[in-house]
Structures are given as C-alpha cells and as structure tokens.
Amino acid sequence: MEEKVVEVRGLKKSFGELDVLKGVDLDLYKGENVVVLGKSGTGKSVLIKIMVGLLTQDEGTMEVLGQEVSNLRTHELNELRLQIGFSFQASALYDSMTVRENLEFPLVRNVKNLTKGEKDKMVEEVLESVGLLQAINQMPSELSGGQRKRIGIARTLILKPEIMLYDEPTAGLDPITCSDINNLINQVREEYNTSSIIITHDLTCARDTGDRVAVLLDGAFGAEGQFEDVFKNAGDERVKSFYDYNFIR
Ligand SMILES: Nc1ncnc2c1ncn2[C@@H]1O[C@H](COP(=O)(O)OP(=O)(O)OP(=O)(O)O)[C@@H](O)[C@H]1O
C-alpha cells in the first residue's frame, strides 16, 4: 500500500459571498508529483494556504502527514511547516545577502547547534544538487532569473522537507530555462524522495513534471489523471479550452 502524505476531503472555503472551494478532494502519495492547474482566481493558493495552516477551511478535512492541519496548536503547526518546503513564485531571496547566507538563513532559524562545518557542508551539498555550487559567494542580483529560482528551490530543500510545494515554478522564464527547472523538479524528487504539489499555468511543466494533473474548475477538481488522459480525451469544454489556449512546447 502506498503511503499517503496528503489527504483532502470535501474541503470548502468561502470569503463572504464568494464560494472559492466547494468540495475539494485530493490525494498525494509519497514520492509523487501532482500538478494543480486552474484559471486565475480558482483557489489554488487558498488550497495551499489551508495546507500550511495560513487559512482554515469552513468544512471538510485537510490531513497532512497524518495530521488534521486545522486541529494543530501553534508549535505543532510550526513543526509541520518544517516538513513542507514552500517554493514561492518570486524566489524571495534576500538581495543584501550572498547565496551562502541566503541558504544558511533557514538553518540558523530552524536547526539548533550546527557547527560552521556542518552548515557549510549542508549549503554546499544542496547547491551541488541544484547545479550552482559556483554561485556560492555571489549576490542574487548577479544571477539570472532561472538561477535565482534554483537557489530558491535549494533554500527550500536545505531543511530536507517531506513535501515540496512549487508555486508557478516556471513563471517568467524562457522555454529552455523552464525545461531546466522542470528537470530540476524531477531530479529533486529522485534525490530527496519528496512528494510535490506543483501549481502552474504552464502545460509543458504540467506534462513534464506531473505523475498526475488535477484541474480545479468552479471550486472542485473537475478532471484528474495522467496528463494525456486528462487533455487528449477531455470531455469537459473548460478542460479542453485550457489545453487549446496553451502553447505546448
Ligand atoms: N484572505 C482572503 N480574503 C478574501 N478573499 C480571498 C482571500 N484569499 C483569496 N481570496 C479570494 O479567493 C479567490 C481565489 O484566490 P487564489 O489566490 O486562491 O486564486 P489562484 O487560483 O491561486 O489564482 P492565481 O492563479 O491568479 O494565483 C480569489 O477570488 C481571491 O480574491
């Protein structure tokens, strides 16, 4: 039996009159990449925020690593968040710090009693994983958008999370760099045995990284499965148009 790391059932969330999530079900298994697609404003970020306890659902359950997130006390939530690496859309590096200092930052905040040697080793290892060891002493402003994205992913990975959440990992990048990032997402899964949720509008990214894709339509997942099955045999016009209006590389 495969181990489930996330189980979402009947999740509902409204803001006043606006019903955003109307009964979302989702499973994520150990070592799996699931891509969440959906038009702007369909509630992808709201779903992720409930997953990390930044918002609370109105109804339904959100179990992450066997725990109902909405029941957790603050210190339990903080523990859980250490298991979840959140790679933001803007890679959110500190511009005034070198790459090394950016990567040390989560270690200093979250791991006690590390020696300088241990810190150096962890920073170097993770930079090696994302192929940017040579950038260790550079400032973020000296790096390309794709390189900054890699460093952002490295900074998330340094705490060795169980689950990775990628928010639009390829947004604003050229097609070749997108392809590099897609490869990196797959490589991270192999190397770190992470389970990932990848939020994207980029269908090439969805095809190349997703074991499964799930399309959020009108507050619930309207189509779910392997990329080819979801899009090539789409019965739902909304899913079909999502494909037709995207340029697939
Ligand atoms: N804290 C909040 N208070 C009120 N409304 C909110 C809040 N958070 C999100 N919403 C609303 O919920 C809806 C879904 O927002 P969300 O950010 O999840 O969309 P999204 O699918 O992630 O969009 P995008 O692809 O553009 O990032 C939007 O209409 C948004 O205005």
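Two residues count as in contact here if their C-beta atoms, placed from the backbone, lie within 7 Å. Keep in mind that this is a predicted model, where local features need pLDDT of at least 70, side-chain atom pairs count only at pLDDT 80 or more, and totals for chains, interfaces and linings use all residues. Residues are numbered from 1 along each chain as its sequence is written. Helices (H or I, at least four residues) and strands (E, at least two) are DSSP runs, numbered from the N terminus.

Let's start with two helices. Gly 146, Lys 149, Arg 150, Ile 153 and Leu 157 in H5 meet Thr 177, Asp 180, Ile 181, Leu 184, Val 188 and Tyr 192 in H6. Helix H5 (residues 145–157) and helix H6 (residues 175–192) pack at an angle of about 15°, with axes 10 Å apart. Axes are lines fitted to C-alpha atoms, for helices over the stretch in contact, and angles run from 0 to 180 degrees between N-to-C directions. H5 and H6 are therefore roughly parallel to each other (that label covers angles under 35 degrees).

Now for the sheet. Here, 4 strands line up in the order S2-S1-S4-S5 as an open sheet with antiparallel pairing; two strands pair if DSSP finds at least two bridges between them. S2 and strand S5 (67–68) sit at the edges with a single partner strand each, so one side of each is left without a neighbour in the sheet. Strand S4 (residues 59–64) pairs with S5 over 2 bridges, and Glu 63 has Glu 68 in S5 as its bridge partner.

Key
Parallel < 35°, antiparallel > 145°, perpendicular 65-115°, else oblique.
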